[in-house]
Amino acid sequence: MKGAEIVIDALKKEGVNTVFGYPGGVMIPIFDVLYSTPEIRFLLTRHEQGAVHAADGYARSTGKVGVCMVTSGPGATNTITGIATAKMDSIPLVILSGQVHTNSIGTDAFQETDMVGLTRSICKHNYLIKDVNDLAKTIKEAFYIARSGRPGPVSIDLPVNVLNSKVKNYVYPENIHLPGYKPVIQGNPMQIEKLARAIERAKKPLLYTGGGIISSGATEVLHGLLDKTQIPIVVTLMGLGSIPYDHPCFLGMPGMHGTIAANKALTECDLLIAVGVRFDDRVTGPLHTFAQQATIAHIDIDAAEIGKNVKTHLPIVGDAAHVLTELTERVKPRLKDAWNDRTEYWKEKFPTRYEQKDQGTVIPQYVIDALNQVIDPEAIVVTDVGQHQMWTALYHHFRKPRHFLSSGGLGTMGFGLPAAMGAALGNPDKQVVCITGDGGLQMNIQELATCAINRFPVKIIVINNAYLGMVRQWQDLFWNKKYSQVCLKRGPDCPQECRGLDEHCPPDYIPDFVKVAEANSVKGLRAAKPGEVLPTLKKGLQHTGPVLMEFLVSREENVYPMVSAGKPLTDILTGEE
């Protein structure tokens with residue numbers, strides 16, 4: 001059997017029926033085998049970055065390993081941002097990239113890049129296969145490493161001569177043995193018992209959970225723990241959907257754009273139970289100010305995360321679902337008390353809010369909030385990165401895990417549309433809504449064609465303020481309102497110094513998103529007035545195919561609440577100062 005045939009057989013043995021990618025010269029041997037492999041659907045994107053984000057969206061929404069296949073050189077390097085995005089958010093991917101002949105490696109051959117060197121710091125693991133006899137074993141290892149322990153991307157570089165070489169007596173291995181890689185699943189019973197007793201003693205306990213809850217499938221266990229203990233909970237961006245938005249213990253998302261209730265609870269708690277989180281700087285603020293009054297317990301499957309950013313008093317290495325199951329059995333029931341009353345008071349006193357007038361400009365928060373009225377409750381919502389991402393986190397009604405996909409750690413603009421395509425392909429029975437900005441959409445706008453030609457009925461909501469909005473917000477609040485290179489309407493006739501909107505602003509936006517959509521056989525709709533928002537959302541969601549809904553919104557609206565960079569969580573801007 002040839003190496004290329006082994007690759008395809010290995011994918012089938014790993015249960016792969018969907019691959020995202022883009023072909024090229026050195027990968028033709030694999031694509032030649034794919035030509036006669038109807039069991040595997042190959043989604044041909046319009047750019048390799050679109051392919052890896054689509055594989056990412058597929059993985060996040062299905063829980064399976066996403067597979068991306070690209071050629072050498074630029075094909076491989078175009079996946080770098082997507083691989084780093086998956087690494088930061090612990091998403092299981094296997095990336096198969098082509099490579100030049102092994103005899104040519106190191107000679108600057110045509111389309112040669114050092115994929116192992118390039119991906120070393122952004123992969124969970126990577127391989128360069130030089131002997132076809134190592135191919136099957138390596139692919140088996142790659143899938144195991146990607147999906148086990150703390151999930152992550154694994155890169156496999158495939159020289160063309162390896163793909164064309166033959167193996168006698170090929171057998172795909174059933175088991176693997178990796179002496180240096182043994183993820184710890186069960187938590188230490190003594191540590192879990194200590195945590196159960198700490199909860200019993202605590203006056204102000206707080207759960208702080210993240211994406212680890214979703215990747216470990218610990219949602220139901222977490223609900224059981226909440227039912228038994230009534231402990232207030234804050235959930236990071238990556239963990240949204242792990243509990244319903246209206247759960248009585250839920251205080252919201254913490255951190256820079258978190259709710260006031262969540263940040264106040266983090267500041268005042270005396271026992272912080274962190275589960276599947278990495279104490280991101282956007283959540284903690286300055287470390288010396290974070291949860292100063294709390295004993296900190298940290299449950300994580302990755303031992304390297306414990307104590308990395310924040311001093312941990314009670315470490316527990318293990319899978320979140322296993323550890324929380326044992327903790328729920330050991331902990332004593334806890335009734336609501338004065339601490340619950342205090343956190344619920346904060347929720348009522350400091351809700352997220354906006355004001356949409358009947359006339360005038362559309363407020364972007366209103367678009368997100370109005371979507372709650374008409375969206376399918378089972379819909380998967382995907383965002384790009386920027387202000388719209390934070391408004392979605394604050395205003396969307398999250399209900400289930402794996403139903404909210406967003407680039408959290410790397411903050412990758414251009415993630416939204418291709419990730420939504422991957423989610424649509426992996427979940428053909430679900431409505432998929434992509435909420436994006438005018439800046440982020442243009443970074444992978446070529447994938448509109450992929451959506452249309454494959455009939456992916458993705459509903460695209462474009463929050464168009466003609467700015468790179470989050471950067472503009474920082475320039476507004478902290479850089480004396482000097483809007484440097486953030487206006488997407490800016491042209492050669494604009495004045496050198498621009499501090500906002502005036503009579504010099506060009507009336508037209510380039511491109512015309514509705515025309516771009518229609519040019520790609522995607523239905524285009526536009527709303528520019530408050531009264532047009534809800535009818536446009538209804539019409540767009542009812543359309544059977546892909547649709548782009550553009551909302552022209554207030555250009556200088558800011559995301560609040562906001563904690564300034566470098567400030568403690570108590571230093572909260574509300575926009576009403």
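This is a predicted model: local features need pLDDT of at least 70, side-chain atom pairs count only at pLDDT 80 or more; totals for chains, interfaces and linings use all residues.
Student: Which residues of helix 11 are buried?

Tutor: Helix 11 spans residues 219-229, and its buried residues are Thr219, Leu222, Leu225, Leu226 and Thr229.

Student: Which exposed residues does the face turned away carry?

Tutor: That face of helix 11 carries Glu220 and Asp227. Exposed means over 50% relative accessible area.

Student: What does the buried side of helix 11 pack against?

Tutor: Its buried residues pack against strand 7 (205-209), helix 10 (211-215), strand 8 (233-235) and helix 14 (320-330).

Student: Which residues have the most contacts inside the largest nonpolar core?

Tutor: They are Leu195, Leu207, Ile233, Leu240, Ile273, Ile461 and Phe551. The core itself has 67 residues. Apart from it lies another core, of 48 residues, including Leu405, Leu425, Phe456 and Val458.

Student: What does Leu207 touch, leaving out residues up to four places away in sequence?

Tutor: Leu207 touches Leu222, Leu225, Leu226, Ile231, Pro232, Ile233, Val234, Ile273 and Val275. Leu222, Leu225 and Leu226 are also among the buried residues of helix 11.

Student: Why does Gln49 count as buried?

Tutor: The cut-off for buried is under 20%. Gln49 has 17% relative accessibility, so it counts as buried. Gln49 is found in helix 3, residues 48-62. Beyond its neighbours within four places in sequence, Gln49 is in contact with Asn78, Thr81, Thr412, Met413 and Asn444.

Student: Why does Pro173 count as partly exposed?

Tutor: Partly exposed covers the range between buried, under 20%, and exposed, over 50%. Pro173 has 21% relative accessibility, so it counts as partly exposed. Pro173 lies in the loop between helix 8 (160-164) and helix 9 (189-201). Setting aside neighbours within four places in sequence, Pro173 is in contact with Ala136, Lys137 and Lys140.

Student: How far apart are Pro173 and Pro428?

Tutor: They are 255 residues apart in sequence. In space they are 32 Å apart, C-alpha to C-alpha.

Student: How many bridges join strand 15 to strand 17?

Tutor: 6 bridges join them, and the two strands run parallel. Lys459 stands opposite Val547 in strand 17. Strand 14 (residues 432-437) is joined to strand 15 by 5 bridges, also in parallel. There, Cys434 has Ile460 as its bridge partner.

Student: What is the strand order of the open sheet?

Tutor: The order is 13-12-14-15-17-16, giving 6 strands with parallel pairing.

Student: Why are strand 13 and strand 16 said to stand at the edges?

Tutor: Strand 13 (404-405) and strand 16 (523-527) each have a single partner strand, so one side of each is left without a neighbour in the sheet.

Student: Why is helix 16 called largely enclosed?

Tutor: Of its 11 residues (364-374), 8 are buried, so helix 16 is largely enclosed by the rest of the structure. The buried residues of helix 16 pack against helix 17 (387-395), strand 14, strand 15, helix 23 (530-542) and strand 17.

Student: How do you know that the radius of gyration agrees with a compact globule?

Tutor: For 577 residues, a compact globule would have a radius near 25 Å; the protein chain has 25 Å, so the two agree. Buried residues make up 57% of the chain.

Key:
Residues are numbered from 1 along each chain as its sequence is written. Side-chain values use heavy atoms; hydrogens and water are left out. A nonpolar core is a set of buried Ala, Val, Leu, Ile, Met, Phe, Trp, Tyr and Cys residues joined through side-chain atoms within 4.5 Å. Buried means under 20% relative accessible area, exposed over 50%, partly exposed in between (1.4 Å probe, protein chains only). Contact means heavy atoms within 4.5 Å. Helices (H or I, at least four residues) and strands (E, at least two) are DSSP runs, numbered from the N terminus. The radius of gyration is taken over C-alpha atoms; the globule rule is 2.2 Å times the number of residues to the power 0.38. Two strands pair if DSSP finds at least two bridges between them.
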